[in-house]
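Subject: Structure handover and notes

Dear colleague,

Please find below the structure that I promised to hand over.

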Amino acid sequence: MRIVRRVGASPRERGSATGQTCPDIFELSDGDFAVIGREATAELDSELPSDAARADYERIVVISRETLVRAKRDIPDA
(Lines give C-alpha, C1' and ligand atoms only; values in the text may rest on other atoms or scores of the structure.)
Protein backbone atom coordinates (compact mmCIF):
# COMPACT_ATOMS: atom_id res chain seq x y z
CA MET A 1 0.00 0.00 0.00
CA ARG A 2 1.33 3.41 -1.02
CA ILE A 3 0.11 6.99 -1.08
CA VAL A 4 -0.75 7.76 -4.69
CA ARG A 5 -1.85 11.38 -4.41
CA ARG A 6 -3.15 14.13 -2.17
CA VAL A 7 -6.89 14.69 -2.43
CA GLY A 8 -7.74 18.39 -2.33
CA ALA A 9 -5.67 21.41 -1.45
CA SER A 10 -2.41 21.12 0.48
CA PRO A 11 -2.26 22.52 4.02
CA ARG A 12 -0.21 25.46 2.71
CA GLU A 13 -2.90 26.19 0.08
CA ARG A 14 -5.49 26.16 2.88
CA GLY A 15 -3.55 28.80 4.82
CA SER A 16 -1.24 26.83 7.12
CA ALA A 17 1.79 28.95 7.92
CA THR A 18 4.12 25.94 8.02
CA GLY A 19 2.16 23.61 5.75
CA GLN A 20 3.30 20.69 7.88
CA THR A 21 0.84 19.96 10.70
CA CYS A 22 -2.65 20.18 9.28
CA PRO A 23 -5.43 17.77 8.33
CA ASP A 24 -4.87 16.06 4.98
CA ILE A 25 -6.48 13.40 2.77
CA PHE A 26 -4.63 10.93 0.55
CA GLU A 27 -5.71 8.33 -2.00
CA LEU A 28 -3.92 4.99 -1.58
CA SER A 29 -2.72 2.57 -4.23
CA ASP A 30 -5.48 0.10 -3.32
CA GLY A 31 -8.19 2.74 -3.85
CA ASP A 32 -8.79 3.43 -0.16
CA PHE A 33 -8.25 6.82 1.46
CA ALA A 34 -6.09 7.82 4.43
CA VAL A 35 -6.64 10.92 6.53
CA ILE A 36 -4.51 12.93 8.90
CA GLY A 37 -6.65 14.55 11.53
CA ARG A 38 -7.23 15.13 15.20
CA GLU A 39 -7.83 11.88 17.12
CA ALA A 40 -11.26 12.16 18.77
CA THR A 41 -12.28 8.59 19.57
CA ALA A 42 -12.80 9.13 23.31
CA GLU A 43 -14.74 12.32 22.67
CA LEU A 44 -17.05 11.00 19.93
CA ASP A 45 -17.36 7.24 20.47
CA SER A 46 -20.47 7.57 22.63
CA GLU A 47 -22.00 9.93 20.04
CA LEU A 48 -22.02 7.35 17.24
CA PRO A 49 -25.51 6.52 15.94
CA SER A 50 -26.95 3.14 16.93
CA ASP A 51 -26.30 1.72 13.45
CA ALA A 52 -22.59 2.67 13.50
CA ALA A 53 -19.79 0.70 15.12
CA ARG A 54 -16.05 1.01 15.57
CA ALA A 55 -13.66 -1.91 15.83
CA ASP A 56 -10.98 -1.86 18.54
CA TYR A 57 -8.31 -1.11 15.94
CA GLU A 58 -10.29 1.81 14.42
CA ARG A 59 -10.17 5.42 15.54
CA ILE A 60 -12.46 8.38 14.97
CA VAL A 61 -10.48 11.15 13.32
CA VAL A 62 -11.69 14.72 12.79
CA ILE A 63 -10.67 16.84 9.83
CA SER A 64 -11.73 20.40 9.22
CA ARG A 65 -14.74 21.15 7.03
CA GLU A 66 -12.48 23.18 4.71
CA THR A 67 -10.20 20.16 4.21
CA LEU A 68 -13.07 17.95 3.03
CA VAL A 69 -14.89 20.62 1.02
CA ARG A 70 -11.71 21.50 -0.86
CA ALA A 71 -11.08 17.79 -1.53
CA LYS A 72 -14.56 17.24 -3.00
CA ARG A 73 -13.48 18.01 -6.57
CA ASP A 74 -10.74 15.36 -6.39
CA ILE A 75 -12.86 12.53 -4.95
CA PRO A 76 -13.97 10.13 -7.68
CA ASP A 77 -17.69 9.47 -8.18
CA ALA A 78 -17.11 5.73 -8.43
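Strands β2 and β3 form a hairpin with four residues between them, and G31 in the turn has a positive phi of about 95°. Before going further, please keep in mind that this is a predicted model, in which local features need pLDDT of at least 70 and side-chain atom pairs count only at pLDDT 80 or more, while totals for chains, interfaces and linings use all residues. Residues are numbered from 1 along each chain as its sequence is written, and side-chain values use heavy atoms, with hydrogens and water left out.

Strands here are DSSP runs of E with at least two residues, helices are runs of H or I with at least four residues, and both are numbered from the N terminus. Two strands are said to pair if DSSP finds at least two bridges between them. Strand β2 is joined to β3 (residues 33–36) by four bridges, and these two strands run antiparallel; within this pairing, the bridge partner of I25 in β3 is V35. Strand β2 is also joined to β1, by three bridges and again antiparallel, and here R6 has F26 as its bridge partner in β2.

Is β2 mostly covered or mostly open? It is mostly covered, since five of its five residues are buried, where buried means under 20% relative accessible area, exposed means over 50%, and partly exposed lies in between (1.4 Å probe, protein chains only). Both faces of the strand are covered, with D24, F26 and L28 buried on one side and I25 and E27 buried on the other.

**Salt bridges**

Side chains of opposite charge can pair when their charged atoms come close. A salt bridge is counted when a side-chain nitrogen of Lys or Arg is within 4 Å of a carboxyl oxygen of Asp or Glu, and by this rule the count comes to six salt bridges.

One of them links D24 and R6, whose closest N and O atoms are 2.8 Å apart. Because D24 lies in strand β2 (residues 24–28) and R6 in strand β1 (residues 3–6), this pair ties together parts that are 18 residues apart in sequence. D24 is buried, at 4% relative accessibility, whereas R6 is partly exposed, with a relative accessible area of 34%.

Another salt bridge joins E43 to R38, with 3.1 Å between the closest N and O atoms; E43 counts as exposed at 51% relative accessibility, and R38 counts as partly exposed at 46%. The side chains of D45 and R54 also meet in a salt bridge, at 3.0 Å from N to O, and here D45 is partly exposed at 30%, as is R54 at 26%.

**Surface and loop**

Which residues form a nonpolar patch on the surface? They are F33, L68 and I75, with about 250 Å² of accessible area together, an area that comes from the Shrake-Rupley method with a 1.4 Å probe, where for residues only the protein chains shown count as cover. Patches are made of residues with over 30% relative accessible area and no salt bridge, with nonpolar side chains (Val, Leu, Ile, Met, Phe, Trp, Tyr) joined within 5 Å and like charges within 9 Å. I75 lies in the segment after α2 (65–71) and is partly exposed, with a relative accessible area of 34%.

Finally, S46 is found in the loop between α1 (41–44) and β5 (61–62), and S46 counts as exposed at 65% relative accessibility.

Best wishes
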